[in-house]
Amino acid sequence: MTSVAEMVGSHRIVQGNGIVHPLGSAESSPEEEHRLRRKIMERALDALTTEVDQPTVFK
Amino acid sequence: MKLTWRIHRVQAVQWADETRLSTGALEVSRAQLKGELLKDERLTAVGLHLASPGESCRILPVFDVVEPRVKLEPAGADFPGVLTPVRPVGMGATRVLRGIAVDVLDPNPMPNRVPILDLRIAPVEGAEPAEQSRYSSLHHLVVVPTLNEGLDINERRNALRLASLRAAVFLAQHADGKPDEEQTFELTPANESLPRVAYVFQLHSHQRPTVPGEGLLYGDNCRHLLPTIVQPNEVLDGAVMRAYDSMAMETYSIQNHAVILDLYRRHGRDLCFAGVVVNVANQLPEERDRATVVAGNLVKYALRADGAVFTKSGGGAPHVDMALAAERCEELGVKTTMLAWDLTSTDDGAEGAQLFSSPLLDAIISLGSNNIDIGLPAVERVIAPSAELAERYQRDASVPALRAVGVMDHLGGSRFTAAFY
Amino acid sequence: MARIVLYLNQFFGQIGGEDMAGVGPRFTTEVVGPGRALIGLLEPGEGLAATVICGDNYFAEQPEKAAAECLGHIRLAQPDIFLAGPAFNAGRYGVACAALCKAVQSQLGIPAVTAMYDENPGVDVYHREVIILRTGQSAAAMRDVLDRMLRLGRKLRAGEPLGKPQMEGYFPQGRLEAELADKPAASRALDMLLAKLAGQPFQTELALPAFNPPPPPPAVRDLAHAKVALVTDGGLVPTGNPDGIEVSAASKFAAYRIEDRLEPADYDVSHGGYDNRYVKQDPHRLVPLDVARELEREGRIGQLHDEFVTTTGLANPVNNSRRLGRGIADHLKEAGVDAVILTST
């Protein structure tokens, strides 16, 4: 729900993989899931170290 | 596509040896109806009860409410894809028994999810019961099934659904004779100068994903439905079903879809009913984005709408899907209005809480609030699957508005609303 | 005959500026400041009986004493209607106006109205108890606001029920009331849409919230030496939910120690708004502890905080969420956390 996060003014927003498993996947193998989680977390670290001046979605 | 409802008004219901309708009195054979329902081996027993409008009676936990109907032409096409094979519906003739509803109860409700149909429900003081819920002025034939122990939850819910549809068809089938009135539905060409209004119908929210067998559109569970166009008659004639635990949306409210009926009423008068887009609230972000794009295009370019009305389903999250689709339409120059309910809690309502905020979305109808608890004074009679439930709910109780069957209607059929003061 | 009493601060009461904010309560029967505009708005039979003035600091520093003293003056003037301000965005003034309205209502039993801008702290504190009209920030609207205050005051005095806050222009008082509209929602929707299409005026039934977010914090300068915490609003709790975090509209948050992994058997989900089974199967799908520990071992982050913080974000009123957010932020700041990764369903 990145639109909600943007609306309330969260500054650093990373898109997760769905409501019921934001950092996971029901349809992937454990290895793929791990890779997906890692990718999302890397984006989160990227967001933490990037200057922003308004709500920004990091893709 | 022209559909005719042949409407028979039911003014009284009673048990009898044969099932028939004669001068407004519906006689029902318990044995015949039970026999019909027990053909499904997933049911091991069936209890049947009657309740009259305005009775001091509470019915719970309600799985669904269905208006008795049967397809006359083409015969046998009842609830296609769900009860009968997939065939086109929305044309020909359908018999409707008006003034009565079939309620099916759930013997194993989820904890804290007990939908209650109270025939004297009064969320607002001083108004007649008929004004407070469309179900208060109906007769109710209540089906209380006992299900086979070995069934999993999806099988159980499917059995309950089919029982409700079978009972509804059975009653209508045996009530022949001359109808009291006829109503036809056809989108005849309208004056070109009238504003074209489309309706975007969110069938379900996959925050609770549908399971195989839980058909929504001609039996398809719409798990990854891309928005598509249906004829309004298809909605009115059994092609569209609610999900098993859809809140504030019963089969009865789809059969008598308030937005669609109103658009039909006004078609050719102050608007042109441009058509219906159906969609779902998605779980994954790209699905949501994709659905937003497609819905916008269908409304703007396929239906050539000047304006569109939106409804939602489910809980809070699907407000976002509805809002994104509406926002997209506004960007394309289509004016929109949405039917939503307030999400805030009663604790401190200085500001409402919505999950969307766009200056373009400035025309919202309030369906009430999920945080209003409706007081239910003690009743004389409770119809429930167990003595324990009956005893618990016979006393003073309360029910959240979303679970008070008939009070809130996602499809716009209720006058219930809420305001901050 | 309606006797009106007006409350003003030292500035609008023409005693002085900030330098006179310490003056104590006094009253005058002369017409001062906004009183002049008010006089022009009165109807026959109405009169400005007195103006009570008090310095903003005097009131702010000893609110009970100041209110009691002001009330003494107000009572002497025998008002039928009490008007305070308008305070616009002046915070001390707004709080004083609202506090006095509350006192006048409860102790003198007469209608009281004030007016201020939505960010004025007086709104937050008193909107539930006092009718506060919404204004902009600029005092240029003074005459207009006074007119609205007077009209509302007259309505209250006549015992007329007030319309909805949006219609009357006051801040909602937090009472959610069930009502029956004149027509079903579907009809109202079509009426509203046709009005919108025709360019005619219409009034939305649900107003959208306004959010005033704080300025963005600067980026983390040195992530390799930063302490990072995991927070979630997906309602992940230890089995049995020992702290009773509610499945919806959670009133609290909790922090739980973490080691290297989240074992499914040790956790439950207390959140009624999504299908919990995927997270129950593997809690890392919500709280990515496994990857966080990897990043820590690899030196990408300096240190992972040894707890994860959890609450349930479902159907939570905005001000409750704000309170929880501040609470979580304070808790983590005390623990020396530099950055947070918040995961949400």
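1. In which strand of chain C is L8(C) found? L8(C) lies in strand β1 (residues 2-9) of chain C; helices (H or I, at least four residues) and strands (E, at least two) are DSSP runs, numbered from the N terminus. This is a predicted model, in which local features need pLDDT of at least 70, side-chain atom pairs count only at pLDDT 80 or more, and totals for chains, interfaces and linings use all residues. Residues are numbered from 1 along each chain as its sequence is written, while chains are lettered from A and ligands numbered from 1 in the order in which they are written.

2. L8(C) counts as buried because it has 25 C-beta neighbours inside 10 Å. The cut-offs are 20 or more other C-beta atoms within 10 Å for buried, 12 or fewer for exposed, and partly exposed in between, with C-beta atoms placed from the backbone. Neighbours within four places in sequence aside, L8(C) is in contact with G13(C), G33(C), P34(C), T51(C) and I53(C); contact means that the C-beta atoms, placed from the backbone, lie within 7 Å. C54(C) is 46 residues from L8(C) in sequence, yet their C-alpha atoms are 6.8 Å apart.

3. Two residues other than glycine have a positive phi. For F79(B), phi is near 45 degrees; this residue sits in the loop between β8 and β9 of chain B and is buried, because 27 other C-beta atoms lie within 10 Å. For Q78(C), phi is about 50 degrees. Q78(C) belongs to the loop between α3 (63-76) and β4 (81-88) of chain C and is exposed, with 12 other C-beta atoms within 10 Å.

4. Chain B has a cis peptide bond between L60(B) and P61(B), with omega about -15 degrees. P61(B) is in the loop between β6 (57-59) and β7 of chain B. Another cis bond joins E73(B) and P74(B), with omega about -5 degrees, and P74(B) is in the loop between β8 (69-73) and β9 (92-98) of chain B.

5. Chain B is divided into domain 1 (3-182) and domain 2 (190-377 + 398-403); these bounds come from an automatic or database domain assignment. Between the two domains, 29 residues of domain 1 of chain B are in contact with 26 residues of domain 2 of chain B. On the domain 1 side, α3(B) gives the most, with 4 residues.
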